[in-house]
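Q: I'm new to this one. Could you walk me through how to read its features?

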Amino acid sequence: MLGYNSVFKKDLFKDEVILVTGGGTGIGRCIAHELASLGATVVIAARKQEQLTSVAEEIRKLGGKCDTMQINIRDPVKALEMIEAIVAKHGKLTCLVNNAGGQFMSPASMLSSKGFATVVDLNLNGTFNMCKAAFDGYMGEHGGQIVNIVAECRNGFPRMVHTGAARSGIINMTKTLAVEWGPYNGIRVNCVAPGTIVSSGMKNYPENVVDMIATNDWMSPSGRYGTESEIAASVVFLLSPAAAYINGINLAVDGGSSLSKGFPEGHELAFNPEGSLMPAYIGWPEGKDNVHNIKHVDAPAKVNELLNKYKKSKL
Ligand SMILES: CCCCCCC/C=C/C(=O)SCCNC(=O)CCNC(=O)[C@H](O)C(C)(C)COP(=O)(O)OP(=O)(O)OC[C@H]1O[C@@H](n2cnc3c(N)ncnc32)[C@H](O)[C@@H]1OP(=O)(O)O
Ligand SMILES: NC(=O)C1=CN([C@@H]2O[C@H](COP(=O)(O)OP(=O)(O)OC[C@H]3O[C@@H](n4cnc5c(N)ncnc54)[C@H](OP(=O)(O)O)[C@@H]3O)[C@@H](O)[C@H]2O)C=CC1
């Protein structure tokens with residue numbers, strides 16, 4: 001079964017006001033739908049208002065409560081202003097899901113310091129900005145739950161040096177905040193680390209990476225990729241009272257792929273000698289000047305095919 005039907009109680013979050021960053025697309029959109037279907041007032045926040053408005057309309061049509069806020073999470077001042085606006089309008093902010101993030105692929109040898117800093121700023125600083133704003137603007141006084149979406153980064157991941165460093169930083173920051181903020185009315189801070197998830201985010205990948213993903217469903221021991229709904233379910237669990245004594249963890253939701261360096265028989269040769277998840281046959285143009293000439297595809301047919309194949313049962 002690839003899809004997912006919610007197993008959670010319909011009114012699980014009926015008194016909650018939950019902020020989901022990056023809620024206008026992909027995994028964030030799915031998390032927002034799931035939380036709203038469980039009774040939460042969901043606030044989705046990102047830079048592109050059009051996407052946010054469209055998701056809010058979808059949720060409201062289904063009977064859910066959804067508000068939108070435009071934000072660049074790299075801006076700590078705007079982050080606090082946003083939290084204050086949410087509290088002023090909705091009376092509280094009980095949970096925060098830091099889902100906004102991303103990167104571009106680049107070999108370290110071709111990456112500028114500015115490129116590295118840009119991705120660290122978005123993912124690590126942006127997540128800190130949101131946690132700090134939530135603490136200062138509401139949770140420090142009233143408590144709350146935070147889930148940070150990261151990526152599996154225990155092992156090296158070629159062409160992802162910037163985001164790997166940032167995500168590792170988030171995981172460590174999460175543990176520290178769990179320890180420091182637990183005493184503030186039981187604030188809990190946890191991470192979810194998705195494996196490869198079929199999401200609209202894949203449209204940002206270079207075409208050859210999309211090709212590789214589309215033709216190799218066997219990249220995890222579970223024999224398939226994950227769905228947005230499966231990430232949403234893990235977030236719901238961590239935000240819920242069922243996880244009341246779970247604090248500071250990083251929950252891998254990856255079908256076991258972070259455990260495996262081996263691959264199904266017959267596929268070993270496709271992988272590079274370090275046993276990394278990134279197949280060796282993804283070529284990269286030689287020379288720094290070519291870095292920006294990678295062919296990025298807009299809404300490639302293959303991503304849409306994959307999205308259909310892994311379609312969530314609920315959306
Ligand atoms: C640890 C393992 C991690 C594994 C993760 C595996 C799976 C992950 C999946 C996903 O994350 S799905 C989500 C997909 N969505 C995205 O990734 C978002 C897409 N990316 C962006 O939106 C942008 O790239 C950005 C990260 C927000 C950066 O955009 P910004 O506009 O802020 O940067 P720029 O001003 O354009 O550039 C700043 C700096 O960075 C250099 N740079 C930009 N793109 C590239 C590139 N493709 N290759 C190399 N360098 C790049 C750019 O040149 C600038 O530096 P200088 O040239 O001025 O030195
Ligand atoms: N799909 C996958 O396989 C995996 C995804 N992840 C992570 O999960 C999260 C969601 O990914 P996914 O849904 O696939 O990808 P998307 O690219 O669809 O989602 C990224 C979201 O972040 C928002 N965002 C980006 N930069 C900013 C910013 N500066 N301020 C506010 N919002 C911002 C974007 O909205 P906007 O552009 O409007 O600001 C977008 O909604 C990301 O952190 C991603 O790295 C981790 C592992 C695997």
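This is a predicted model: local features need pLDDT of at least 70, side-chain atom pairs count only at pLDDT 80 or more; totals for chains, interfaces and linings use all residues.

Q: Where do polar atoms meet an oxygen atom of ligand 2?

A: A polar contact is a pair of N or O atoms within 3.5 Å. Here, a polar side-chain atom of lysine 48 sits 2.7 Å from an oxygen atom of ligand 2. As for cover, ligand 2 has 880 Å² of accessible area on its own, and the protein covers 91% of that.

Q: How many aromatic pairs are there?

A: Ring planes under 30 degrees apart count as stacked, and over 60 as edge-to-face. The count comes to two aromatic pairs. Phenylalanine 135 and tryptophan 181 are stacked, 4.3 Å centre to centre with 15 degrees between the planes. That pair links helix α4 to helix α5, with its residues 46 apart. Phenylalanine 135 also pairs edge-to-face with tyrosine 184, at 4.9 Å and 80 degrees. Tyrosine 184 is in the loop between α5 and β6, so this pair ties together parts 49 residues apart in sequence.

Q: Is tryptophan 181 buried or exposed?

A: Buried means under 20% relative accessible area, so tryptophan 181 at 6% is buried. Phenylalanine 135, at 14%, is buried as well, while tyrosine 184 is partly exposed at 38%. Together, Phe135, Trp181 and Tyr184 form one aromatic cluster.

Conventions: Residues are numbered from 1 along each chain as its sequence is written. Chains are lettered from A and ligands numbered from 1 in the order in which they are written. Side-chain values use heavy atoms; hydrogens and water are left out. A polar contact is a pair of N or O atoms within 3.5 Å; within protein, one must be able to donate a hydrogen and the other to accept it, and residues adjacent in sequence count only if both atoms are side-chain atoms. Accessible areas come from the Shrake-Rupley method with a 1.4 Å probe; for residues, only the protein chains shown count as cover. Rings of Phe, Tyr and Trp (its six-membered ring) pair if their centres lie within 6.5 Å; planes under 30 degrees apart count as stacked, over 60 as edge-to-face and the rest as tilted. Helices (H or I, at least four residues) and strands (E, at least two) are DSSP runs, numbered from the N terminus. Buried means under 20% relative accessible area, exposed over 50%, partly exposed in between (1.4 Å probe, protein chains only).
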